[in-house]
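The sequence and structure are shown first.

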Amino acid sequence: MPTLYGLKNCSTCRVATQELKGAGKDVTFADVRENRLDPGAIERLLQAFGDALVNRRSTTWRNLTDSERQGAPADLIARHPSLMKRPVIIDGEVVTLGWDAAVRRRHLGE
């Protein structure tokens with residue numbers, strides 16, 4: 001059963017959830033703002049995706065000061081969960097970031 005990590009008000013997360021459910025997947029949704037990721041989970045995701053995990057196009061990123069932007073990615077995501085690019089989907093050993101065509105194929109078998 002896949003777990004989708006994101007924000008409940010994120011349109012991409014909503015679309016991904018709907019498409020996964022439409023494909024018959026029983027998806028667990030985890031809002032990272034309400035249930036923050038523990039430091040170990042953040043580190044595992046950073047190992048998997050590197051700096052791509054930090055959404056530098058977000059409003060949250062634009063509202064950070066230059067000195068805040070210099071912080072370690074793990075610390076930034078821990079303090080500002082909405083900085084995490086989303087969705088992150090964990091389905092067994094498969095861990096993906098975002099919801100593009102390649103990720104759809106991986107989870108939906110398209």
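The text below treats the strands and then the cysteines of this predicted model.

**Strand pairing**

Strand E3 covers residues 88–91 and pairs with strand E1, residues 3–6, in an antiparallel arrangement held by three bridges. Within this pairing, Leu 4 has Ile 89 of E3 as its bridge partner. E3 also runs antiparallel to strand E4, residues 94–97, and four bridges connect these two strands. Asp 91 is placed opposite Val 94 of E4. E3 and E4 together make a hairpin, with two residues lying between the strands. Gly 92 belongs to the turn of this hairpin and has a positive phi of about 65 degrees.

**Cysteines**

Searching the whole structure for disulfides gives zero. Cys 10 takes part in no disulfide, and its nearest cysteine sulfur, that of Cys 13, lies 3.4 Å away. Cys 13 is likewise in no disulfide, its nearest cysteine sulfur being that of Cys 10. A disulfide requires the two sulfur atoms to be within 2.5 Å, and the separation here is 3.4 Å; the pair therefore does not count as a disulfide.

How buried are these two residues, in terms of relative accessible area? The values are set out in the table.

| Residue | Relative accessible area | Class |
|---|---|---|
| Cys 10 | 11% | buried |
| Cys 13 | 1% | buried |

Both residues are classed as buried because their values fall under 20% relative accessible area.

Technical notes:
Residues numbered from 1 in each chain as written. Predicted model: local features only at pLDDT ≥ 70, side-chain atom pairs only at ≥ 80, totals over all residues. Heavy atoms only, no water. Pairing = 2+ DSSP bridges. Buried < 20%, exposed > 50% of the residue type's maximum accessible area, 1.4 Å probe, protein only.
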